[in-house]
Amino acid sequence: MTWGDTVYLLPEIIIAIGACLLLIAPVSGFRNRPATAKWSMVALLVLTLISVFASSYAVLNIDQTPAFSRMFALDAYSIFFKALLIVTIGVVTFLSDGYLTRSPYAAWEYYSLLAFALCGMMFMVSGVSLVTIYVGLELMSLSSYILAGYFKNEQKSTEAAMKYFVLGAVSSAILLYGISLIYGVTGSLNLSEISRAMSTQVSNDALMFGVMLLGAGLCFKVAAAPFHVWTPDVYEGAPTPITAFLSTASKAAAFAIFARIFFVALHHLRVDWQSVLATIAALSMIVGNLAAITQDNVKRMLAYSSIGHAGYVLLGILSVSEMGLRGVLVYSVVYVFASLGIWATVLMLERHEYAGERVEDFEGLHRRAPFQALAMVIFLLSLGGIPPTSGFIGKYFLFYAAVGAGFGWLAVIAVLMSAVSMVYYLRLVMAMYFRDGKEAELAGGMTLKLVAVICLAITLFFGILPSPLIDQAKLSGSGVAKRIADAQR
């Protein structure tokens, strides 16, 4: 690695230094003022976002050294997800504002952990070596464990953090064991070199066992069935802004590496793993949506809903096609902003440490906050894939890719489960518009309203005029396509 290579790492360097400064701010004379901490975090994110685009422009004139390029890539694919992740963390920062203002918990450490998690996710999406991906994944995971238990005096929060930590540690060990087996057979950790090695040798039991363990570890990170058992408890017990983070940024980063690994490194073995991944996708869609129907707790309902959405995204991955990859990119944006909008509405119904947890908390919302109720309906319709929301566009690409890859039966299940999901989404709509609830003051003020407005605008804009997002997804997917072409040479 040379000094010229630092241009590639500039965003990661900035966010890592910023996270450290946020962490030591309380012992450097800065008081625990949530507003100061929030705007410091926002400034850090803006600087990081600028550096992402600046570094991507600079690399056109700077050559990577061969050793460094086998570990890290700054391509259109990684830039797409880095920008999405930074914006998502920015929205989570604003979602956390009211919670940190009213709670006794430290704000500087909270934002520092979010910044460290973002740093890990940025390394993940740029990783073209299994080691780089694993290190980034662990940095994100360790930060997430702590954030899930940030309500130190709340039993549910502590329990959620412990469950997440124990199961996450087991999944990380499984993932690492799978990586070691793949390295033992192929002799490399670079994704393109692994692909070339697989193309020249016959599949063996050790290699397939390694791929199976690698896939199991990744399925845990995206909360796909049957590796989903941690999701409802963690979503319920974690602070609601952290639940929003886990259901959006964390999942988007996990799907980014899932697609890169399976498209670039393992596409030669797709006949062996496609049927297994198809079964996991079907199970995720069925279990997630059917279990969500029985939930009265909104956070648990949305947790099971996210399991179903993991199944939808897996359709694009198992297709191993350009259309499938485009669907993963489009749906990541669609799902992130619709989910953030929903969590903003949930936070408006905050009661003490936990927010609008039950369906009855939404009763009569259309009278108390007409705009938020209408926005909530549109966000739910987007998750259900109903036009003219952007959710319809995302699901169209995923379902079309599944049919094109010969998994028409999965597309049928996906359509049916999308219809099932409208059952529990409409429960919230009925509660907001057809039931009389208690008159209670809404929390969050203008900050949460602004988040809802932004998410609503993005959800409707890409639903009515999807071509900018589709074109960007096509361009961003070219980075992974190039890696596949290089591996096949």
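Two residues are in contact when heavy atoms of theirs lie within 4.5 Å. The model discussed here is predicted.

**Helices H1 and H6**

By that criterion, helix H1 meets helix H6 through Pro11, Glu12, Ile15, Ala16, Ala19, Cys20, Leu22 and Leu23. On the H6 side, the residues met include Trp108, Tyr111, Ala115, Phe116, Leu118, Met122 and Phe123. H1 covers residues 10-24, and its axis runs 8 Å from that of H6. The packing angle is about 160°. H1 is therefore roughly antiparallel to H6, since angles over 145 degrees fall in that class. The crossing of the two helices is left-handed. An α-helix has 3.6 residues a turn, so residues three or four places apart point the same way.

**Aromatic pairs**

A pair of aromatic rings is described by the distance of the centres and the angle of the planes. The whole structure holds 19 aromatic pairs. One of them joins phenylalanine 72 and phenylalanine 123. Their ring centres are 5.9 Å apart and their planes stand at 70°, so this pair is edge-to-face. The two partners are 51 residues apart and come from distant parts of the chain. Phenylalanine 72 sits in the loop between helix H3 (66-69) and helix H4 (76-95). Phenylalanine 123 belongs to helix H6, residues 107-126, and is also among the H6 residues that meet H1.

Phenylalanine 123 is partly exposed, at 26%. The cut-off for buried is under 20%.

Elsewhere, ring pairs link Tyr145, Tyr164, Phe165, Phe220 and Trp230 into a cluster.

**The nonpolar core**

The largest nonpolar core has 175 residues. Leu114, Met121, Phe245, Ile317 and Phe362 have the most contacts inside it. Helix H16 (residues 322-348) supplies the largest share of this core, 18 residues.

What does leucine 114 touch? Leaving aside residues up to four places away in sequence, its contacts are Met41, Ile89, Val92, Leu147, Ile242 and Phe245. Ile242 and Phe245 are also buried residues of helix H12.

**Backbone exceptions**

Most residues other than glycine have a negative phi, and most peptide bonds are trans.

Alanine 223 is buried, with a relative accessible area of 0%. Proline 388 is in the loop between helix H18 (370-384) and helix H19 (390-404). Valine 320 is in the loop between helix H15 (298-319) and H16. H16 is the helix that gives the largest share of the core.

Key:
Residues are numbered from 1 along each chain as its sequence is written. This is a predicted model: local features need pLDDT of at least 70, side-chain atom pairs count only at pLDDT 80 or more; totals for chains, interfaces and linings use all residues. Side-chain values use heavy atoms; hydrogens and water are left out. Rings of Phe, Tyr and Trp (its six-membered ring) pair if their centres lie within 6.5 Å; planes under 30 degrees apart count as stacked, over 60 as edge-to-face and the rest as tilted. Helices (H or I, at least four residues) and strands (E, at least two) are DSSP runs, numbered from the N terminus. Buried means under 20% relative accessible area, exposed over 50%, partly exposed in between (1.4 Å probe, protein chains only). A nonpolar core is a set of buried Ala, Val, Leu, Ile, Met, Phe, Trp, Tyr and Cys residues joined through side-chain atoms within 4.5 Å. Axes are lines fitted to C-alpha atoms, for helices over the stretch in contact, and angles run from 0 to 180 degrees between N-to-C directions. Angles under 35 degrees count as roughly parallel, over 145 as roughly antiparallel, 65 to 115 as roughly perpendicular and the rest as oblique. A crossing is left-handed if the near helix is turned anticlockwise from the far one by less than a right angle, and right-handed if clockwise.
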